[in-house]
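Good morning, and thank you for coming.

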Protein chains: 2
Amino acid sequence: MLIDFNAMMRPVCFSRDSSGEKHDVPGICLADRIGRLMTLSAEESSALAQLEDRGRLLRRGSALLRLNDRAGEMFLLRRGTAMSYVLLRDGSRQILRFHFPGDILGWSALAFRHSLETVVATSDAEVAPFDRTALIGLMTQNPRLGAAISALAQLERQVMSDRLATLGRTDARGRVAALLIEMRDRMSACGMANGDEFQLGLTQEEMGDAVGLTAVHVNRMLRLLEEEQLIARAGSRVTVLNHGALAQMANYVDRNDGVDLEWLAPAR
Amino acid sequence: MLIDFNAMMRPVCFSRDSSGEKHDVPGICLADRIGRLMTLSAEESSALAQLEDRGRLLRRGSALLRLNDRAGEMFLLRRGTAMSYVLLRDGSRQILRFHFPGDILGWSALAFRHSLETVVATSDAEVAPFDRTALIGLMTQNPRLGAAISALAQLERQVMSDRLATLGRTDARGRVAALLIEMRDRMSACGMANGDEFQLGLTQEEMGDAVGLTAVHVNRMLRLLEEEQLIARAGSRVTVLNHGALAQMANYVDRNDGVDLEWLAPAR
DNA sequence: CGCTCACTTGATCAGATTCAAAACAAGTGG
DNA sequence: CCACTTGTTTTGAATCTGATCAAGTGAGCG
């Protein structure tokens, strides 16, 4: 996709935070996310909760962070989905990562003066903003959490490594397959999938920008996978019919069962 | 490149550690590396030095970490170069990262039971091995260093993000150009380049495995760049003649001047 | 000297892009 | 409720980039 740089200048639109609102999907907090990886003490949970004292609602398409924003602000994604991308000089876009509830947004600017990526919500979403100094403070106060959060960042990095291998060494069909499996697995992990069926909240153009293909070719590959009975599509919902075959052609490896934080000191 | 899985079974060859040996190039320690980013107190420097009490020499081609090794061992690369790669199911290889003196190797296994990558020395090298628990211990004892090390990991991640964008959205010529500039800049940063001239210690096959091309096509792109007077080659040494044009076609952005760790609390 | 490994070059082929146009869906305002 | 707009998906045809296959060159080494 080619980007119109003028469009980047329009103001960021945030929905107003209406704290009394009710939601059908409960938000996920950072303690939930980390708690899935290791046992947390009560103090640790409450320390994590302090990062999330504020909340903010976003509409689909609104930006949380933009290229060259002053670095410092970070977010915990509590509900909904988001993505990070960069714009290249020639105007093309590369989507780097998709974010799901429990993910920390804004990591990438940790060591820089300005943000190097743009992060936008790909659905209506709820985030908890905090400052990076608060995060570092937390990690300082509570080193075991610090290690856990570092490990969390490492998991994110692994997703990127895998995508790198996909882009470098897999053909178009395999890349689309890889994207579908990744999305299913990650949605499944946070309760957003219904078995093998899920709502892939992406346009084909976005899919292409994630895996390095044109939207036209993504379309062809989707219909090919459908024709081969590996997936089924109904509107914007996708069902994975043959996980094994998809994983094979995508060179996909599920990383979740290899995760291990047990070696960190046990909770006191 | 297609990998022969049998060949993976041959034993790892480590050179013997001869601690009395002399080297023309001085090793770089972690304190040097971090010290370039922020001011370190004497205590911090000595804490970092403790990670490196042991040293080990490696010959070109020997493996430091291999896929599925039990996770835990990490290394500081003090002298020489290395690379990390993954092997896909179909036997193809994707090189994920190149390592230079001052880099920490083995980050990727931080959150996993087993290593997900293979790390190999691409030249004779010297490393300091340590255990990940020692690293976490250090970060716990010395939170400011912990933040710095996290930031360092973030810098590495940025290199991968950039490569991802290169693979997804740049043509073959641009990818080769990107690789050359990246190598020059990183070598330059650790004193391994002579101005715009440097020894690219990679075969064309390795270059291809890094940027998702065949060795044959890498060759053609190199000669094209040479013909266009953007680079010059003499044996295995490369000279960048037109940095601007290369950066343009590679969509390259130098990240170094954006690095900022000043926001971390100052040294006590 | 003969081996191996990396590099080089040409010819052919397949996969992905590009360009163009049409079908479709959802939303807007009259 | 319909006409209109906008954005997404679908399909076809032509083109081009990079892969594949094959063969030859050259340097270093036992």
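Which residue in S7(B) is the bridge partner of B:Met83? The partner is B:Val120. Before I build on that, two remarks on conventions. The model is a predicted one, in which local features need pLDDT of at least 70 and side-chain atom pairs count only at pLDDT 80 or more, while totals for chains, interfaces and linings use all residues. Residues are numbered from 1 along each chain as its sequence is written, chains are lettered from A and ligands numbered from 1 in the order in which they are written, and side-chain values use heavy atoms, with hydrogens and water left out.

Let us begin with strand S4 of chain B, residues 82-87. Helices (H or I, at least four residues) and strands (E, at least two) are DSSP runs, numbered from the N terminus. S4(B) is mostly covered, with 6 of its 6 residues buried; buried means under 20% relative accessible area, exposed over 50%, and partly exposed in between, for a 1.4 Å probe and protein chains only. In a regular strand, side chains alternate between the two faces of the sheet. Here B:Ala82, B:Ser84 and B:Val86 are buried on one side, and B:Met83, B:Tyr85 and B:Leu87 are buried on the other.

Two strands pair if DSSP finds at least two bridges between them. One of the partners in S5(B) is B:Arg97, which is bridged to B:Ser84. The hairpin of these strands has 5 residues between them, and B:Gly91 there takes a positive phi near 90°. With strand S7 of chain B, residues 118-121, S4(B) pairs in the antiparallel sense over 4 bridges.

I turn now to helix H8 of chain B, residues 243-250, where B:Leu246, B:Ala247, B:Met249 and B:Ala250 are buried. Their cover includes helix H5 (172-189), H7, strand S11 (231-234) and strand S12 (237-240) of chain B. After H8(B) comes B:Asn251, with a positive phi near 55°.

Most residues other than glycine have a negative phi. A:Asn251, in the segment after helix H8 (243-250) of chain A, has a positive phi of about 55°. A:Asn68 has a positive phi of about 75° and is found in the loop between strand S2 (63-65) and strand S3 (73-79) of chain A. Is each of them buried or exposed? A:Asn251 is buried, at a relative accessible area of 14%, whereas A:Asn68 is exposed, at 53%.

Finally, we come to the DNA. Around DNA strand D there are 15 residues, the closest being A:Gln204, A:Asn219, A:Arg223, B:Ala172 and B:His217; a residue is near a strand if one of its heavy atoms lies within 4 Å of it. Of the atoms of DNA strand D that come within 4 Å of the protein, sugar and phosphate account for 75%. Polar contacts, meaning pairs of N or O atoms within 3.5 Å, include a polar backbone atom of A:Gln204 at 2.7 Å from a phosphate oxygen of DNA strand D. Thank you for your attention.

Methods
A polar contact is a pair of N or O atoms within 3.5 Å; within protein, one must be able to donate a hydrogen and the other to accept it, and residues adjacent in sequence count only if both atoms are side-chain atoms. Contact means heavy atoms within 4.5 Å.
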